[in-house]
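Q: I am new to this structure. Please take a close look at one part of it for me.

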Amino acid sequence: MSEKNVPETGSTRHDDPGKKRKFLIALGVGAACLAALVASGAWYAVHYSDHALPRTTVAGHEIGGQTRAEVSDTIAQLVSDTRINIDGDAGTHSASFADLNVNVDQEAIVDDVFSPNSSIFQRFQALWKPHRIAVTADIQQIAVEEYIESIMPDDVVATQNAQLHLNDDGESFSWTAGTIGQTLPADKIVEATEKALSTLRDQDLTLGYVDQIPDVTDDDAERLVGEAETLSTLPVTITYDGEEYSPRLTTRTTWVNLTPTDEGTLTINPDAVTEWVQKAADDFVNTEPVTGTRKVSSDGEVLQVVKEASEGRTVTNVTDISDAMTTALNSGDEYTGEFSVDVIEEPWNDEDVAPGAENLYYKASPGEKWIDINLSNRTTTGYEGATPVIGPVYMVPGKPGFETVTGLFSVYLKYESQTMRGDNGDGTRYETPGVPWILYFHGGYALHGAYWRSSFGPGVPGGSHGCINLPVSTAKTFYDWAPNGTVVASHY
């Protein structure tokens, strides 16, 4: 039997060496590609942790790959460069967002751009998913209207609201007519500004004039005059201790705000109300305590009240009354309220009495200077405590009908010389020039020298108009000795 080339059963298979070599090469290339892919992925993840992700746009502008600072600069430049260009009846003008008082929060936009960067998943997701950032901002109609007003030519008729006025009598109101003017359509500029925000690209407008009706028409003004008169005549009363306090009509009319609200109504000015309530409290209720003076013995007994003390009062609810009054009037209601008061106890200054002074008309303290006017024996004496240091000296008091005042007083004004004038009992005038050494102690009552007299004391008829007439030399002695504030005790 001849041999045939038939593989033997169970024999070992030998692979092609060329194929094996190709396989190993392919395996190496794949590993290298995988390593490169991993390396590039790592680079991508690190790089875009602080760079704007691919496919990121702001208002349609590509900013992928930029750093935070670059994104901030790009947005700032886009916002600054964007213009609303207006042409037409009012001429040619170019308005920026700043001109229209549109505040673009650039920092917030930058934060939105980088919001997904903190997530590795979102960084890689950006390779196929766009990240679009819209720009929005608050567009204020009033700001647009103010811009339009700023660019209107001087020869264009301006819109004027009908005006309310307080009349010269202070008690009534009137109005003057408004004017229909011309302006540019603010809504068109608002629409263009919204589109400029959404694209951060210039917008061009051609605008003609439109009529502008006043916000306050003549019909509004006529109605508001009646409203003002109603507000100013609502009864207002504040009570305290049985007394009532109400503002005059000429005061209440000044409380009305003559510029209507956005709802077209008039209101009361709360500051004006508070000012009146505070003034009423100050004028009629609030008082400072007055410190009294008492002369007391060594055992504390009050021997004489030199000056009466009085308690103080302070209104504590001015704000509450003002707020409640304003609320009531704005609601069309009358108001009645009551002052609440804190009472300050009357203060006293107690002074010791000099030994022996307890028997004198004035209970002087030790060493205290005072002048005693004894109308019974027609003498004047200067004391220090209980010790007489001047006099007693004779004097002449006021004549009948012009009697010298009695009580405890003090020197408040001094003149070396003065011309004295006044009325006689028969209605004629008198004038005495060069009256010397004058010490006023109560109103027009004074001690002074009387160079026209030669006699003083008992038996000499009263001849002055209430003053104490003294010999000139004695008057000078008192003048030099007694400062302002020296107590003067006038008595019978």
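Q: By class, how many nonpolar, polar and charged residues are in the lining of the largest pocket?

A: The model is predicted. Here is the pocket, class by class. Ten residues of the largest pocket's lining are nonpolar, six are polar and four are charged. Together, 20 residues line this pocket. Its volume is about 640 Å³.

Next, the centre. The lining residues nearest to it are Glu 145, Glu 149, Thr 159, Thr 183 and Gln 212.

Which elements supply the lining? Helix 5 (141-151) and strand 8 (181-183) are the elements that each give two or more residues. Helix 5 gives the most, with five residues.

How far can the model be trusted? The average pLDDT of the protein is 91, and 91% of the residues score at least 70. Residues 1-12 have a pLDDT below 50. That stretch has zero contacts in the model beyond near neighbours in sequence. Where pLDDT is low, predicted coordinates should not be read in detail.

Five strands form an open sheet in the order 23-22-21-29-24, and the pairing is mixed. Strand 23 (387-394) and strand 24 (407-410) are the edges; each has a single partner strand, so one side of each lacks a neighbour in the sheet. On average, neighbouring strands here are turned by 20° against each other, direction ignored. Strand 22 (residues 379-384) pairs with strand 23 in the antiparallel sense, over five bridges. Thr 379 stands opposite Tyr 394 in strand 23.

Methods
Residues numbered from 1 in each chain as written. Predicted model: local features only at pLDDT ≥ 70, side-chain atom pairs only at ≥ 80, totals over all residues. Heavy atoms only, no water. pLDDT = per-residue confidence, 0-100. Contact = heavy atoms within 4.5 Å. 1 Å grid on protein atoms, 1.4 Å probe; cavity = no way out; pocket = protein on both sides within 12 Å on 5 of 7 lines; lining within 4 Å. Points joined across faces, edges and corners; volume = space filled by probe spheres on them. Helix = DSSP H or I, 4+ residues; strand = E, 2+ residues; numbered from the N terminus. Nonpolar A, V, L, I, M, F, W, Y, C, P; charged D, E, K, R; others polar. Pairing = 2+ DSSP bridges. Axes fitted to C-alpha atoms, helices over the stretch in contact; angles between N-to-C directions.
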